[in-house]
Amino acid sequence: MKIIDELKDAKIIAISGHIRPDGDCVGSVMGLYLYLQKEMPGAQIDVYLDKPADIFDCISHIHDIKSEFNTDRTYDVFVVLDTAPDRLGDAEPIYQRAGKKINIDHHISNTGYGDVSVVEPERSSTAELLYDLMRPEMIDEEIAKAIYIGIIHDTGVLRYSNTSPRTLQVVGELIKFGFDFPQIIEETFYEKTYRQTQIMGRAVAESVRFMEDRCIVSVIDRRMMEFYQVTSKDLDGIVNQLQSVKGVDCAIFMYETGESEYKVSMRSNGNVDVSAVAVKFGGGGHVRAAGCTLNGTYQDIINKLSIEIAEQFEK
Ligand code: AMP
Ligand code: MN
Ligand code: MN
């Protein structure tokens, strides 16, 4: 299948991804946006997404993204990328009104939604999957760059186990376009502001191991975020840092999103299926990387998660 076959007669198209968009989400959404502008010059194409982090300013036309969702437009087609429609946030009413719904994703927890559903959990990233849905002759340097960003962010720069031979082939084809990929990796993935580095250090210093040191957890509350003057966008990478601790099977990082409400991120080395744990609490993701939002005190939440993780260790 090529995505263009599903869009042929559409005059007005919306593209969106999940709340708190990560690199794969931003790269996929922008990659598809730039691609469709070339494929369908007569169509109106709008992108709805929470405002991406500043690191993504290197993506062409990133400021075309609409982060205000109060529109009365009805779209012929709505394309949801890198999530099931349940994490569209305030874009969901626009999705519900659309004539045709297309869902392209790689989350194992996505059971398939919309009129056309392309869910391939063996894909490293939505961006990689999307690349194979595009006609190669229409891809240019700016599209390639957006897709590349999606792939490197979801694979931790091609080092997680979701990286497949196909991932590396696609990346090989993408870097032929000649963009400065070492700079993209440095500036979008590794570089941190001073404040981001400080709060990561704090989270790592205050982390606690439990369950015979097989799990590690750290939490950042709103007071701490205010103290370091950071937002949720500044907390990327902390959970991965925790996962790097020798001997740890499962890392948990949580930050407070509201009164007794926490966003939970989990990472596993493969011995725990964290997607299964997240699904139990209304979230989802992949076997080795998943997330959910939970209410309660920090201790309550750890207790709930521990029970599910312990059950898996017993198996
Ligand atoms: P995070 O810990 O937020 O970086 O997410 C890890 C992986 O799980 C990513 O692929 C997310 O898209 C996915 N994920 C995070 N939260 C949820 C959720 N509430 N529902 C479904 N998937 C999620
Ligand atoms: Mn994502
Ligand atoms: Mn993804």
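## Basis of the model

Residues are numbered from 1 along each chain as its sequence is written, and chains are lettered from A and ligands numbered from 1 in the order in which they are written. Because the model is predicted, local features need pLDDT of at least 70 and side-chain atom pairs count only at pLDDT 80 or more, while totals for chains, interfaces and linings use all residues; side-chain values use heavy atoms, with hydrogens and water left out.

## The manganese pair

Histidine 18, in the loop between β1 (12–16) and α1 (23–39), and aspartate 82, in the loop between β3 (77–81) and α2 (92–97), form a pair that links parts of the chain 64 residues apart. Donors here are N, O and S atoms within 2.8 Å of the metal (3.2 Å for Na, K and Ca), and sites may look incomplete because water is not among the atoms.

The manganese ion (ligand 3) is coordinated at 2.1 to 2.2 Å by Asp24 (OD), Asp82 (OD), His106 (NE2) and Asp154 (OD). Aspartate 24 lies in helix α1 and aspartate 154 in helix α4, so this pair ties together parts that are 130 residues apart in sequence. Helices (H or I, at least four residues) and strands (E, at least two) are DSSP runs, numbered from the N terminus. Aspartate 82 bridges the two manganese ions, ligand 3 and ligand 2, which lie 3.6 Å apart.

## Burial of the coordinating residues

Aspartate 24 is buried at a relative accessible area of 0%, aspartate 82 is buried at 1%, histidine 18 at 3% and aspartate 154 at 15%. Buried means under 20% relative accessible area, exposed over 50% and partly exposed in between (1.4 Å probe, protein chains only).

## Packing around helix α4

Helices α1 and α4 pack at an angle of about 160° with their axes 7 Å apart, which makes α1 roughly antiparallel to α4 (a term for angles over 145 degrees). Axes are lines fitted to C-alpha atoms, for helices over the stretch in contact, and angles run from 0 to 180 degrees between N-to-C directions.

The axes of α4 (residues 141–154) and α5 (residues 165–175) come within 9 Å and cross at roughly 145°. In that packing, Ala144, Ile147, Tyr148 and Ile151 of α4 meet Thr167, Val170, Val171, Leu174 and Ile175 of α5, where contact means heavy atoms within 4.5 Å.

Conventions: Angles under 35 degrees count as roughly parallel, over 145 as roughly antiparallel, 65 to 115 as roughly perpendicular and the rest as oblique.
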